[in-house]
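Hello,

Here is the structure I promised to send you. Please have a look at it first, and then read on for my notes.

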Amino acid sequence: MESHTPIMTRKTSLKRRKGSLQRKETMAGWLFVAPMLTGVSVLTLLPIVATLILGFSEWNFVAGIEGLTWVGFNNFQRLIQDPSFVTALFNNLIFLLAIPIYMVIALVLAILIDRYVYGKAFFKVAFFMPYISSVVAVAVVWQVLFHPSAGPINQFLLALGIQNPPKWIADPAFALPSIMLIYIWISIGFNMVVYIAGLQTIPKDLYEAAEIDGANAWVKFRQITVPLLSRASFFLLITGIISTFKVFDLIAILTQGGPIQSTSVLVWYLYETAFVNLEIGYASAIAMILFSCVLGVTLLQWVIQKKWVID
Amino acid sequence: MLKIFDWKKGLLTVLLFAFSMLFLSPFLWMVSTSFKIEADVFVFPIEWIPKNWNAWNNYKEVWFGPYPFSLYYWNSIKVSVLTTLISCAVSTFAAYGFSKIRFAAGKWLFFIVLATYMIPQQAILVPQFILYRSIGLFDSHLGLILLNSFSVLGTFMLRQFFMGVHDEYIESAKIDGAGHWRIFWQIALPIVRPAVATYAILRFIWTWNDYLNPLIFLRTDHLYTIQLAIQKFTTINGEFYSLNMAAAVSGIILLLVIFIIGQKSVIDGINVGGVKG
């Protein structure tokens, strides 16, 4: 019984020392993550809270904080009835069509480059170049290539005997598809690189086993390559959807939403509302729609991932 | 028999090369046009190699004319280099803190930081703009640099690599009396250095190519980055396409050099980090 006390004290002192060590560890932890936390809080968390609040108000920030009036759901009611907004949202949905197109081309290119051609390095760089180059520079180039009368593309089409080639970005019917075409051209490289990395994780003996069973190239593609790339495909699909909702640079430089709103998309309309028309509240409501779209896709990803993807 | 040359593979290579020209021809056209006199720009069939050479004058106008790219290049280099340095520092500190220091709040803080990745920057532009106006960071390079310096993607990427550093190293350093600051600099950072380099290249490219942020947060002409300068230059010069192409070539050339040198890093980084951010 007498020996009990010293053991207790030793235990408590050990505990206390452990406690002070843990406190030191916590302190170090906070110090290391502090710069990141500060930046994220001030530049991301604070603004998103502000967006949520401003979306329910009407405000011209030149008038100062007193000029802010609370309007409840008015902004959102106005959005549903605003044909410009509906057009912009609809154009974003059309833009989704670019995703399967560039994914299929990227997949075919990845397989060809990975297995069936010489000069892998050259092709990787060639198809990746549009992705690495700035959108502003390539947009300036495409602007001239698409020139309705004198541009190289239409001169070529005329030379082929096509009488009335499209006016591309100057024609309301062709403007959005033209932008999507450039977008596809830019996106293929990135998707291809992800697919090539995916292909390299597929064990070769699977193909050898399939060959022994007499499988042809198409069967191998359908039964081995496509399923084992589902993880990469899913990743590309989700990030692709999210990126199309953020499309802005190409439109800002090439068409400014025109002609007659045929290329207006969510972010372009948001930009116009906020920085040209200076309607802060209404722009914040658009920002909330954009945020909801991205959030929705991200949550969908979490839900589907487990069911859909083969590891 | 040993196959030296596979004819099928050779044929596919030729076909794919033809297809790759669809991707490269806009670039080739851009470069060749930037060397031409204006009257030859739309000559058809296209003169891929200019007959009337005007490269010197075009590039002189772009770099040292009334709208000098020498200045905008310097602005872009300054902004991109400083953003890259700060972003690498902030992200490696945070990545180390989140992966190698055990503290109760750590998990939660990481979850919060990661969750902010879902917020598209376009959705918070307006409040950021108002914030910048009120704290005096608007229309300054410092403001622009800070905007891209707190990358969740960078932190996430680097954290993956720090997690690969064995805890035994850190434990034994602690027993020898080293604090986290020393462990970070002398043990952990040297191990993840290649990953930091990869992230640095990506961050540099993304910052260099950033158009939206400079568009919103810069007003004064002489602060413009190269992306704004290309746009402004092409607006001012209108249909002077040979000059505009020289501007576009100038905007891309540095990145191409960096990309070709750091090709493997860039592509590996794309695969680890995924999306642009």
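A salt bridge here is a side-chain nitrogen of Lys or Arg within 4 Å of a carboxyl oxygen of Asp or Glu. Please keep in mind that this is a predicted model.

With that rule, one salt bridge is found across the interface of chain B and chain A. Which side chains meet in a salt bridge at 3.2 Å, N to O? They are those of K174(B) and E25(A).

Now to the interface as a whole. The size of an interface is often given as the accessible area lost when the parts come together. For chain B and chain A, that buried area is about 7800 Å², with 83% of it on carbon and sulfur atoms. On the chain B side, L16(B), F23(B) and M118(B) lose the most area to chain A, and together they make up 9% of what that side buries. The contact involves 88 residues from chain B and 89 residues from chain A.

Next, the domains of chain A. The domain assignment gives domain 1 as 21-70 and domain 2 as 83-308. How far apart do the C-alpha centres of these two domains of chain A lie? The separation is 33 Å. Even so, nine residues of domain 1 of chain A are in contact with ten residues of domain 2 of chain A. About 760 Å² is buried between domain 1 and domain 2 of chain A, and carbon and sulfur atoms give 79% of that area. The salt bridge count between these two domains of chain A is zero.

There is also a surface feature that takes in residues of both chains. F156(A), L160(A), I162(A) and F44(B) form a nonpolar patch on the surface, and their accessible area together is about 380 Å². One of them, L160(A), sits in the loop between α7 (152-159) and α8 (172-199) of chain A. Is L160(A) buried or exposed? L160(A) counts as exposed because its relative accessibility is 57%, and the cut-off for exposed is over 50%.

Finally, a residue to look up in helix α11 of chain A (residues 230-245): F235(A) is found there. F235(A) has a relative accessible area of 26%, so F235(A) is partly exposed, a class that lies between the buried limit of under 20% and the exposed limit of over 50%. F235(A) and F61(A) are 174 residues apart along the chain, and 40 Å separates their C-alpha atoms.

Happy browsing, and do write back with any questions.

Best wishes

Terms used
Residues are numbered from 1 along each chain as its sequence is written. Chains are lettered from A and ligands numbered from 1 in the order in which they are written. This is a predicted model: local features need pLDDT of at least 70, side-chain atom pairs count only at pLDDT 80 or more; totals for chains, interfaces and linings use all residues. Side-chain values use heavy atoms; hydrogens and water are left out. Patches are made of residues with over 30% relative accessible area and no salt bridge: like charges are joined within 9 Å, nonpolar side chains (Val, Leu, Ile, Met, Phe, Trp, Tyr) within 5 Å. Accessible areas come from the Shrake-Rupley method with a 1.4 Å probe; for residues, only the protein chains shown count as cover. Helices (H or I, at least four residues) and strands (E, at least two) are DSSP runs, numbered from the N terminus. Buried means under 20% relative accessible area, exposed over 50%, partly exposed in between (1.4 Å probe, protein chains only). Domain bounds come from an automatic or database domain assignment. Contact means heavy atoms within 4.5 Å. Buried area is the accessible area (1.4 Å probe) that two parts lose on being put together, summed over both.
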